[in-house]
Amino acid sequence: MPIFQKPTLKQGTNRKREMPEGLWQKCPECGEVIHNLELSQNLKVCPKCDYHFTFSARERINNLIDEATFEEFDQNLLSVDVLKFTGVASYSERLESYREKTGLKDAVVTGFGRLGGHDIGLAVMDFNFLAATMGSAVGEKITRLVERGTKAGRPIIVVTASGGARVYEGMLSLMQMAKTSAALARHAQLRLPYFVVLTNPTTAGVMASFASLGDIILAEPKCMIGFAGPRVIRETTHQDLPPGFQTAEFLQRHGFIDIIVRRPDLRTTLTRLVSHLSSR
Amino acid sequence: MKVRPLDFEKPIVDLERQLEELKKHSKLQGVDLEHEVAAMERKIEATRKQIYENLKAWERVQVARHEQRPFALDYLSLAFTDFTELHGDRLFGDDHAMPCGLASLGNYRCAVVSHQKGRGTKENIHRNFGSAHPEGYRKALRVMRLGAKFSLPIVALIDTPGAYPGVGAEERHISESIAVNLREMMLFPVPIVAVVIGEGGSGGALGIGVADRVLMLENAYYSVISPEGCAAILWRHRSHAPEAAEALKLTARDLKELNVIDQTIEEPLGGAHLDHEKAAANFKTAVLQQLDELNKKSKKLLLEERYQKFRAMGQVLEG
Ligand SMILES: [Zn+2]
């Protein structure tokens, strides 16, 4: 079941809107008011409480990849409104507005690059684009990246964030789960390493496919990770949810996550892991 | 067994009542109304045909959810022989929402995995309304591995409103259990046929749905999200489920056109719930025909075609 809305953070997201646009941001976790410049320099991590703000795909790539080594693939691959979906808003209109808002064509950026000197393939999902839901374009770009990685013998790293499947594309979006997992099956057959970095939030169809298949699964602190949304679970089970339910820390306690890594340490950690699992 | 009529079947119900009246009248008054009765019976059949040939997506969803519809275990007793259920995932428990085991279909010894719903409250609680936990998907994986090890074709019977959204399911990593099945099913070197017999609810359905051939019963549905869930998100209210069902293109006819499924299995007129034996016979014919075709292929070709089948799904534009 896909979750479409942004999961609400503990303190409510409306606080941010009270702040003057552009210059300052209020940390949704601790309430600290931080200058944007300081926040950027700190990789969008709150200097007071370590809250990890949403990182865009471009910011992530700049942070991880060795300078001037990123070669982007399928930059202009577009989703299509195959089902001619018209609910309250039409899919075509929504796509158009998100393209304008984010400067992205869809919710994932893929390419080859170097990480600490190692040749890798990288996909980064961007939650700002339609909650990084997976439609045909996202599925196709990730599949092509994995296939290219398989052909070139490269490790693959996917930094995830997603509200799930893209409902507007109906069953074609669900089938992207099978398609991406199939490509990873072939990548794994050649004993090439695959790393997943879960970021806030990663849920539903993406979680139930490539985001769960890493040889090593890392996560940013406190990020929300789950299959079903907490509201749906509460309504279905009439049960109180345990404290910290569906956070990275909760899932690590339950045996799912290898390492929780703070954003400033991600690059070195990934480099070490890639180096350790690469063939010599 | 008295069959519960669906809302859109009201014209049929009305005519059936008239037929009863006629019969009663004929008996009480001692008049011969044989011709009238026959004409009324013909009219009922014609009305049923007319309604069922023009079912809207949302109406099909109602048929797919009918609690008297044949469920997986009905097919296992009517179409298959020698079903031996195998219990448990050897890790945590035995999920009653997913019966799995060994069974024969015609001359094929198969490994079978399925979802099972219940009839009535007690049975539904036992089956968790056909919503499986991670241990269900992991049991299915174990049984499919047996299939791969002993060269048994795999048959999957899909009938679930979705994987279970619960605390335990999340704690035991329902996402991972589905994801691993998607990856592993791509590599089993035996023929796999999946049939959506009722509800094909999202990732929970796909979790046993990666196959060389994906079939659907005529009134089954297969969808990325329930029509009610979609309506709540995109129309802001569940009451818009009929529009959502239409927009999602979740019927066998639509999905055949989108190349998501390979074949539609015809149901008895008025839905599979009216005639379990006929539904099971149609199921058996269709699956056997697919197994005959798949059985001729080399392992290498089988796996390559399975990969390409899913590889081709989706539509994008090269900008
Ligand atoms: Zn803070």
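How many residues does the largest nonpolar core have, and which of them have the most contacts inside it?

## The nonpolar cores

This is a predicted model, and its largest nonpolar core has 164 residues. Those with the most contacts inside this core are A:Leu198, B:Val195 and B:Met216. Helix α5 of chain A, residues 170-189, supplies the largest share of the core, with 10 residues. Another core, of 5 residues, lies apart from it; among its members are A:Cys27, A:Ile34, A:Val45 and A:Cys46.

## A look around A:Leu198

Leaving aside neighbours within four places in sequence, A:Leu198 is in contact with A:Thr160, A:Ala211, A:Ile217, A:Leu218, A:Ala219, A:Cys223, A:Ile225 and A:Ala248.

## Where the two chains touch

Now for the meeting of the chains: 49 residues of chain B are in contact with 53 residues of chain A. On the chain B side, several elements give two or more residues, including the helices α7 (167-171), α9 (202-206) and α14 (299-311) and the strands β7 (221-223) and β9 (316-318). The most comes from α8(B), which gives 7 residues.

What classes of residue make up the side of chain B that touches chain A? By class, there are 30 nonpolar, 11 polar and 8 charged residues.

## Strands that pair across the chains

Strand β4 of chain A, residues 77-79, is joined to β9(B) by 3 bridges, and the two run antiparallel. Within this pairing you can find A:Ser79 standing opposite B:Val316 of β9(B).

How values were computed
Residues numbered from 1 in each chain as written. Chains lettered and ligands numbered in written order. Predicted model: local features only at pLDDT ≥ 70, side-chain atom pairs only at ≥ 80, totals over all residues. Core = buried A, V, L, I, M, F, W, Y, C linked by C-beta atoms within 7 Å. Buried ≥ 20, exposed ≤ 12 C-beta atoms within 10 Å, placed from the backbone. Helix = DSSP H or I, 4+ residues; strand = E, 2+ residues; numbered from the N terminus. Contact = placed C-beta atoms within 7 Å. Nonpolar A, V, L, I, M, F, W, Y, C, P; charged D, E, K, R; others polar. Pairing = 2+ DSSP bridges.
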